Amino acid sequence: MTTTTGRPSKSTHQLRREVGLIGLLWASMGSIIGSGWLFGAQKGLMAAGPAAIISWVIGGVAILILALVHAELGGMYPVSGGTARFPHYAFGGVAGASFGWFSWLQAATVAPIEVSAMLTYAQHYSFANGWLDPKTGVLTTSGIVVAVILMAILTAINFLGVKKLAATNSAATWWKVAIPLLTIFVLAFANFRPSNFNAGGGWSPEGIKGILGAVSTSGIIFSYLGFEQADQLAGESKNPRRDVPFAIIGSILIGMVIYIALQLAFLYALPASAIGKTWTDTSSKAYYTVFTGPFAELATVLSIGWLAAVLYADAIISPAGTGLIYTTGSSRVSYGLSRNGYIPTVFERLTSRGVPTIGLIAAFITGCICFLPFPSWQSLVGLITSASVLMYAGAPLSLGVFRRRLPDATRPYRLPAAGFLSPLAFVISGLIILWSGWETDWKLGVAILIGYVILVVSRVFHLNDREPVLDWRAASWLPVYLVGMGLIVYLSDFGPLKSPIFGLWWDMLAVAIFSLVIYYWAMAVALPAAKIQEMVSEVVLPEEEALDYHTV
């Protein structure tokens with residue numbers, strides 16, 4: 001197999017197509033049902049009151065639209081690390097490298113956050129009391145040691161190969177889906193209080209700003225993240241053109257039902273003694289804000305001790321399962337980045353089991369760095385949400401280009417009304433970034449700059465035999481988009497200014513108009529059809545044909 005420079009790939013083994021439909025579906029579900037469900041209902045209630053139900057609907061619909069876009073793309077080009085590679089085919093090197101970094105940043109940092117969540121929940125047990133500083137929530141020295149060991153275990157499991165990983169994750173995901181459903185059922189019968197809708201300050205004490213803010217900052221979007229894992233593993237699917245779209249769409253629909261039902265069950269089951277004067281009340285009487293986990297504490301207050309015990313166990317299992325699959329995803333993204341020529345060729349090295357060795361090691365090291373005394377778990381959740389949405393923004397742009405440039409390409413799943421939904425998905429990405437707020441977005445900007453430094457170093461020192469054409473014109477819209485979005489957020493009602501230039505609603509209108517301008521600019525300057533077809537045939541077709549289809 002040759003590269004864009006005519007040189008052979010140095011990969012000595014091939015990724016194997018051993019993942020079936022259930023494996024793909026459960027890969028996405030295993031990422032969607034993680035630590036988010038254990039905190040999301042509580043955080044949403046504190047931010048938006050009972051109107052958080054609307055926040056879950058808004059977040060679910062927004063992610064569903066983005067998921068539908070990914071479903072068509074994943075069926076068209078079933079390659080490993082797909083979310084990092086679609087913009088590369090549509091806009092060339094500069095955009096491909098940028099969105100590839102966004103994708104890797106999101107994937108590589110979820111696993112350490114989930115490990116931190118496991119240690120946070122473990123504070124319920126007396127033996128774990130010394131793992132976190134009770135005042136700051138930062139890991140202690142002993143906590144860092146335990147965290148590194150857990151990251152090492154997640155990494156080691158990945159070295160067993162994708163087939164065993166899929167089997168392990170599928171087993172864990174059955175548990176992860178069953179426990180929220182059990183919780184919903186038990187709480188619905190334990191203490192049903194419809195009057196809670198008007199308690200704690202009323203239905204929507206913070207109005208529309210609270211509802212929209214909860215979407216980004218309360219873990220709602222974070223809870224829905226993960227559907228793209230089916231895309232990341234598409235290069236290892238037995239029947240990707242059929243299974244990838246089904247897995248993506250199915251996982252987000254199941255997730256929506258579970259999360260909305262959890263919010264309702266949590267709200268209805270709260271006893272009067274657990275509700276303060278406002279939903280943000282954190283007094284000792286507001287049991288649903290207790291540090292060790294809201295659902296488990298609620299079960300304890302309602303004298304359902306067996307459920308509390310199960311939930312404390314799940315608070316270890318669910319984050320571990322999500323961390324496991326994101327460790328897998330990050331190694332596949334780095335594999336894709338290397339095949340596109342953005343990062344050193346060494347990331348393409350595979351074991352005899354078809355596992356990207358260096359990618360897993362890089363994910364492990366990144367996780368260990370994240371365990372240093374950085375901001376709290378909740379602050380990092382906001383950062384990951386913004387990074388994820390920025391990564392997702394590349395998909396609707398890519399879909400729009402492929403529809404225009406390659407109208408006759410094979411599409412196992414064809415998104416209805418793509419001419420409308422594709423730009424809408426791009427606008428939604430911008431709105432979620434806006435709702436995340438300046439305090440989160442400026443940190444994302446710093447992370448983006450660090451990524452560009454890494455990419456430049458790899459290019460300057462020729463650490464990859466491939467040197468993809470950067471196609472500056474095709475990506476001319478990208479720096480304008482990044483800087484423009486940052487400026488709008490800074491000047492908006494979600495920014496730091498006491499007197500924002502763009503008030504509520506006007507800031508959203510500004511994002512919508514700006515996003516549409518960028519979208520159609522990107523459509524106009526995208527690579528021509530012949531160039532896209534050449535890039536796809538050089539990478540996608542050889543990867544599909546050369547993979548080992550052996551099933552055992």
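How many aromatic pairs does the structure hold? The exercises below start there. The model is predicted.

**Exercise 1. Count the aromatic pairs, then classify two of them from helix H5.**

Step 1. The structure holds 16 aromatic pairs.

Step 2. Take Phe 99 and Phe 102. Their ring centres lie 5.3 Å apart, and their planes make an angle of 75 degrees. An angle over 60 degrees counts as edge-to-face. The pair is therefore edge-to-face.

Step 3. Locate these two residues. Phe 99 and Phe 102 sit three residues apart in helix H5 (residues 93-121), a separation of about one helical turn. Both are buried.

Step 4. Now take Trp 101 and Trp 104. Their ring centres are 5.6 Å apart and their planes are at 20 degrees, so this pair is stacked. The cut-off for stacking is under 30 degrees.

Step 5. Locate them too. Trp 101 and Trp 104 also lie three residues apart in helix H5, about one turn of the helix.

Step 6. Check burial. Trp 101 has a relative accessible area of 12%. Trp 104 has 11% relative accessibility. Buried means under 20%, so Trp 101 counts as buried. Trp 104 counts as buried as well.

Step 7. Look for a cluster. Ring pairs link Phe 426, Tyr 481, Phe 514, Tyr 519 and Tyr 520.

**Exercise 2. Trace the salt bridges of Glu 72.**

Step 1. Start with the total. The whole structure has four salt bridges.

Step 2. Find one partner. The side chain of Glu 72 meets that of Arg 403 in a salt bridge, at 2.8 Å from N to O. Glu 72 belongs to helix H3 (residues 52-76) and Arg 403 to helix H16 (residues 394-405). The two are 331 residues apart, and the pair links distant parts of the chain.

Step 3. Find another partner. Glu 72 also forms a salt bridge with Arg 411, with the closest N and O atoms 2.8 Å apart. Arg 411 lies in the loop between H16 and helix H17 (418-436), while Glu 72 is in H3, so this pair ties together parts 339 residues apart in sequence.

Step 4. Glu 72, Arg 403 and Arg 411 are linked in a network of salt bridges. Arg 403 and Glu 72 are buried, and Arg 411 is buried too.

**Exercise 3. Work out what Lys 209 does with its charge.**

Step 1. Find its salt bridge. The side chains of Lys 209 and Asp 493 meet at 3.3 Å, N to O.

Step 2. Lys 209 is in helix H8 (residues 207-217) and Asp 493 is in the loop between helix H19 (477-491) and helix H20 (506-525), so the pair ties together parts 284 residues apart in sequence.

Step 3. Lys 209 has 33% relative accessibility and counts as partly exposed. Asp 493, at 22%, also counts as partly exposed.

Step 4. Look for a ring. Lys 209 lies over the face of Phe 494, at 5.7 Å from the ring centre.

**Exercise 4. Describe the nonpolar cores and the chain around them.**

Step 1. Size up the largest nonpolar core. It has 156 residues, and Phe 91, Phe 402 and Trp 477 touch the most other members.

Step 2. Follow Trp 477. Leaving aside neighbours within four places in sequence, its contacts include Phe 91, Phe 99, Leu 397 and Trp 521.

Step 3. Look for another core. A second, separate core has 13 residues, among them Ala 122 and Met 151.

Step 4. Widen the view. The chain has 21 helices and zero strands. Of its 552 residues, 61% count as buried.

Terms used: Residues numbered from 1 in each chain as written. Predicted model: local features only at pLDDT ≥ 70, side-chain atom pairs only at ≥ 80, totals over all residues. Heavy atoms only, no water. Core = buried A, V, L, I, M, F, W, Y, C linked by side-chain atoms within 4.5 Å. Buried < 20%, exposed > 50% of the residue type's maximum accessible area, 1.4 Å probe, protein only. Contact = heavy atoms within 4.5 Å. Helix = DSSP H or I, 4+ residues; strand = E, 2+ residues; numbered from the N terminus. Phe/Tyr/Trp six-rings, centres within 6.5 Å; stacked < 30°, edge-to-face > 60°. Lys NZ or Arg CZ within 6 Å of the ring centre and 35° of its normal.
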